[in-house]
Structure formats: structure tokens, C-alpha cells
Amino acid sequence: MLQLYFFPMACSLASRIALTEAGIEANYHLAHIWTKKVVDDGSDFHDVSPKGAVPVLVLENGERLTESAAVLQYIADLKPEAGLAPQSGDPDRYRLQEWLSFIGAEIHKAFLFPTFWYKDDGSLAKPRARIAQTLSVPAAHLADREFLVGNRFTVADAHLTWALLLLRPAGVDIAQWQSLRSYLERMQARPAVKEAIATEMALRKTVAA
Ligand SMILES: N[C@@H](CCC(=O)N[C@@H](CS)C(=O)NCC(=O)O)C(=O)O
């Protein structure tokens, strides 16, 4: 069975959403991203992945896959009938990759990551100034669309849903973009998304920040 190393409400939430949407069973291991301990057995998370970051997906053959963009596409390709990614060769597959890169680099690493990991001693002023411009891109795209790619939920939506959820604790009120606000409401109304978030919110209370 697949195994997912995750931390509650971290970017690995998108992988849990994808697995839940696809109805793929997996074993979940909580890896503490600050202490770098695997909570199950206290082992060193660096032994699972030298990156020390979630998500890590352990495949059926024991190989370990990291990086949300790769993990999410892998999950989608395990269950093509779930439609979580356009098929390889479909031009929309590149649109999916375009969004996964944008969310991972421009929203996650350029803004959410420094906001949660570094003290706000003034050094975050530039990322904070830029995030509104960054978010105006998906806001405009979603003004007349239900989903990021095509006309169905894909792993890009799982990734953006996670990022939008984290913006509030990072001090950004997405209500200023009506399209993002209603998109997030729509995504959160999906049973699989609801289930994944509820599971991780409950676990989040059990781990010290
Ligand atoms: N590029 C990676 C970033 C993964 C990442 O930064 N994960 C965070 C949680 S959201 C983490 O585990 N950070 C721990 C660390 O960087 O030490 C991806 O997209 O999966």
C-alpha cells in the first residue's frame, strides 16, 4: 500500500485530498516538520527523505517520491478514471503543470514558506507586497471558471485549495478576491476535501507548533 508522510495542514494536505478524491487507500505517517521526527516511532524523518520536507510518497515498489507537483501527478495517474489530471499528451496536462509550478513556487515558496518559517522582522515586507499581485492571477482566471484546468476538479485544485487555506493564518484575507473566496467555498464543500481537512485539523491540535 502507498504511504504518505505528511504534517497536518502542511502542503501534504493536497496529496491527502488527491488520494481521498481518487478513493486510493494509503497509510499515513505524521512527520513533524520542525522536530524532523516521525511521530509513529520517533525515527529521524531525514532517513525517509534527506529533504526533511513533506509530502513524501512511498510507492508500492518502495521508492520514495517527493515534491508536491510530482506526487500529485503520480496519484492522479494511478486512477485515470478519477480525472484528477488530463492524460499525458493532452495540451491541458501542461496547463496543470503550469498551475502546479505557480502554486508551488509563487504562492508556497515565495510567500507561505517564509511567512511561517521566518520571523516577521521586516524581511517579509517584499513577499507581503507581492502576494496580492500573485493572487490576482488565479483570481482573474477563476472569475468565470469553476476549476483551474478544464471543467473538472484536478490535483491543481487540491494544491490551490491548500494554499488558499493557509493564506488566512499567514495574514492574507482572500475575501478581497470574490472569485477566490467562492472557489474556496466550492472546494471545501466537496466531500473528499472536507474529509481530508477535518482529519488534518483534528491532528493539527495534537502536534505542537
Ligand atoms: N518543493 C516542495 C516543498 C515542500 C515543503 O516545503 N514542505 C514543507 C511543509 S508545507 C516542509 O515540510 N518543510 C520542512 C522544511 O523545509 O524543513 C514541494 O512542493 O513539495
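User: How many residues apart are Glu 185 and Arg 181 in helix H6?
Analyst: Glu 185 and Arg 181 are four residues apart in helix H6 (residues 178-188), so about one helical turn separates them. Helices (H or I, at least four residues) and strands (E, at least two) are DSSP runs, numbered from the N terminus. The model is a predicted one, in which local features need pLDDT of at least 70 and side-chain atom pairs count only at pLDDT 80 or more, while totals for chains, interfaces and linings use all residues. Residues are numbered from 1 along each chain as its sequence is written, and side-chain values use heavy atoms, with hydrogens and water left out.

User: And what do Glu 185 and Arg 181 form?
Analyst: They form a salt bridge, with 3.9 Å between the closest N and O atoms; the term stands for a side-chain nitrogen of Lys or Arg within 4 Å of a carboxyl oxygen of Asp or Glu.

User: How many salt bridges does the structure hold?
Analyst: There are eight. One of them joins the side chains of Arg 93 and Asp 77, at 2.9 Å from N to O. That pair links distant parts of the chain, 16 residues apart, with Arg 93 in helix H3 (residues 91-117) and Asp 77 in helix H2 (residues 68-78). Arg 93 is buried, at 7% relative accessible area, whereas Asp 77 is partly exposed, at 40%.

User: Which residue does Arg 95 meet in a salt bridge?
Analyst: Arg 95 meets Glu 98, side chain to side chain, at 2.7 Å from N to O, and both lie in helix H3, three residues apart, which is about one turn of the helix.

User: Switching to the ligand, how many residues surround it?
Analyst: The ligand is surrounded by 14 residues, the closest being Lys 36, Val 54, Glu 67, Ser 68 and Lys 109, where a residue counts as near if one of its heavy atoms lies within 4 Å of the molecule. H3 supplies the largest share of this shell, four residues.

User: Which atom of the ligand lies 2.9 Å from Lys 109?
Analyst: An oxygen atom of the ligand lies 2.9 Å from a polar side-chain atom of Lys 109. Of the ligand's 500 Å² of accessible area on its own, the protein covers 85%; such areas come from the Shrake-Rupley method with a 1.4 Å probe.

User: What about Val 54 and Ser 68, at which distances from the ligand?
Analyst: A backbone N or O atom of Val 54 lies 2.9 Å from a ligand nitrogen atom, and a backbone N or O atom of Ser 68 lies 2.8 Å from a ligand oxygen atom.

User: Which peptide bond is cis, with omega near 0°?
Analyst: The bond from Val 54 to Pro 55 is cis, and Pro 55 lies in the loop between strand E2 (26-30) and strand E3 (56-58). Lys 36 is placed in the loop between E2 and E3 too, and Lys 36 has a positive phi of about 60° although it is not a glycine.

User: And where is Glu 67 found?
Analyst: Glu 67 is in the loop between strand E4 (64-66) and H2, has a positive phi near 80° without being a glycine, and is partly exposed, with a relative accessible area of 47%.

Notes: Buried means under 20% relative accessible area, exposed over 50%, partly exposed in between (1.4 Å probe, protein chains only). A polar contact is a pair of N or O atoms within 3.5 Å; within protein, one must be able to donate a hydrogen and the other to accept it, and residues adjacent in sequence count only if both atoms are side-chain atoms.
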